[in-house]
Amino acid sequence: MITEQHVPQFRFKDFSDSWEQRRLGDVAQSFEYGLNAAALEYDGENKYLRITDIDDETHEFKTDALTTPDVDLAKADNYRLQDGDVLFARTGASVGKAYRYKASDGLVYFAGFLIRARIKPEYDTEFIFQSTLTDSYNRYVSITSQRSGQPGVNAQEYAEFELSVPKIDEQRQIGQLFKQLDRLLTLHQRKLELLKRLKQGYLQKLFPQNGENVPELRFKGYYDAWEQRRLSNYITITGGNAWKSSDYSIDGDYLVVTISNVQGQRNINDKIGNKISVADPGKYLLRREDILVSLTGNVGRVSRMTDIPAVLNQRVGLIKPKTKRIDDEFLFQVLSNRRFESSMVASGQGAAQANISNNDVLSYKLLVPQDVREQSTIAHFFRNFDNTIALHQRKLEKLQELKKGYLQKMFC
């Protein structure tokens, strides 16, 4: 047993004893691999937990695609989860992803690419689970999972992970705090997902569907049929520059906006990427609210530019209205519709990496109300919707940062 002692930066009142290091194998009474069974349509009772069923952000059991294991369940009791079991992904891109089973998740069996650790009763299972979300755990998995082929961590290696543990009363208080934080995070995550689904529903109802020339729902005072046009009637599209990576610098004046920044959210992700300094960016200079579309990889994703100084990289298209016959925000909402992205994905098929051309975008057919006032009314409705989504997104991100800070300061 390891005897080195530690204390965290933040602690609850009345706790002062040093924490002691343990191996995960010291706090778990067993490690077991899951069922090697195919997944069947959910039978309404017996749930099957696979790596993909664990949410990457919340680490909760996702229930949108429930399945049942294709196995004689009368002989599978050993693979049935018990309250407090902690599971780990043992291979693939999600290696290290953890999940703590709760009785409220129902009757659940776990699949073969997961490892179950059954925690000893003298340890708080929530505290042990939260230890798997710390930076030290992530570093351990990153180093241990390195293989010549697919990354992986086996049960024996998980058992060697070292964690610092206080006495049980302190474990329980810490576990309870993070349980409440996780509930709040899950609530905000679900609200955000609901808003996004609601917006997609309105996009379906406020824009005409296939074969129709009027939408299912309409704002008062508008009755004329919508007319089909090609995007080329309304926009121009230009590509970016092939900036040299050798010119990138940490303190560059401009963000180089690539396809990685265009993620299909309302605004680009301007927190990632390289910077560059150029004397005159010319036509490649981007401006707030510019509409950008990904032409390679995840083709057809559309986002608007933020106010950060930036220049356009190759394989990102800059879309600009060329006529006052289309409302700029209405145009963005049309391109945000999954119908546009699906059309671009179909155009880009047939190669190892999907690619679309400017002409693919310009050839896209859309239905447009000829009264620009109707366009503007629809655009205003969806802009407000996007602002609400962004507000909830920021709240969620602040909570995620809060939890991350507590993990750093309350574990050692």
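**Note on salt bridges, sheets and a pocket**

1. A search of the whole structure finds 29 salt bridges, where a salt bridge is a side-chain nitrogen of Lys or Arg within 4 Å of a carboxyl oxygen of Asp or Glu. The structure is a predicted model, in which local features need pLDDT of at least 70 and side-chain atom pairs count only at pLDDT 80 or more, while totals for chains, interfaces and linings use all residues. Residues are numbered from 1 along each chain as its sequence is written, and side-chain values use heavy atoms, with hydrogens and water left out.

2. One of the salt bridges joins the side chains of Arg11 and Glu170, at 2.7 Å from N to O. Arg11 lies in the loop between strand 1 (5-6) and strand 2 (19-23), and Glu170 belongs to helix 5 (residues 168-206), so the pair ties together parts that are 159 residues apart in sequence. Helices (H or I, at least four residues) and strands (E, at least two) are here DSSP runs, numbered from the N terminus. Glu170 is buried at 3% relative accessibility, whereas Arg11, at 24%, counts as partly exposed; buried means under 20% relative accessible area, exposed over 50%, and partly exposed in between, with a 1.4 Å probe and protein chains only.

3. Another salt bridge is formed by the side chains of Glu374 and Arg218, at 2.8 Å from N to O. This pair also links distant parts of the chain, with Glu374 in helix 9 (residues 372-410) and Arg218 in the loop between helix 5 and strand 12 (227-230), 156 residues apart. Glu374 is buried, with a relative accessible area of 4%, and Arg218 is partly exposed at 26%.

4. Lys271 and Asp270 meet through their side chains in a salt bridge of 3.2 Å, N to O. Lys271 is exposed, with a relative accessible area of 73%, whereas Asp270 is buried, with 18%. Elsewhere, salt bridges that share partners join Lys199, Arg266, Glu289, Arg304, Asp328, Glu329, Arg383 and Asp386 into one network.

5. Four strands form an open sheet with antiparallel pairing, in the order 3-10-7-8; two strands pair if DSSP finds at least two bridges between them. Strand 3 (28-33) and strand 8 (98-100) are the edge strands, and each pairs on one side only. Strand 7 (residues 86-89) is joined to strand 8 by three bridges, and Val86 stands opposite Arg100 in strand 8.

6. An open sheet of four strands, again with antiparallel pairing, has the order 13-19-16-17. Strand 13 (235-238) and strand 17 (302-304) stand at its edges with a single partner strand each, so one side of each is left without a neighbour in the sheet. Strand 16 (residues 291-294) and strand 19 (residues 316-321) pair over four bridges, and the bridge partner of Ile291 in strand 19 is Ile319.

7. The second largest pocket is lined by 24 residues, of which Thr58, Glu60, Phe61, Thr186 and Arg190 lie nearest its centre. On a 1 Å grid over the protein atoms alone, a pocket is an open set of points where a 1.4 Å probe fits, with protein on both sides within 12 Å along at least five of seven lines, and lining residues have an atom within 4 Å of a point. Helix 5 gives the most to this lining, with eight residues.
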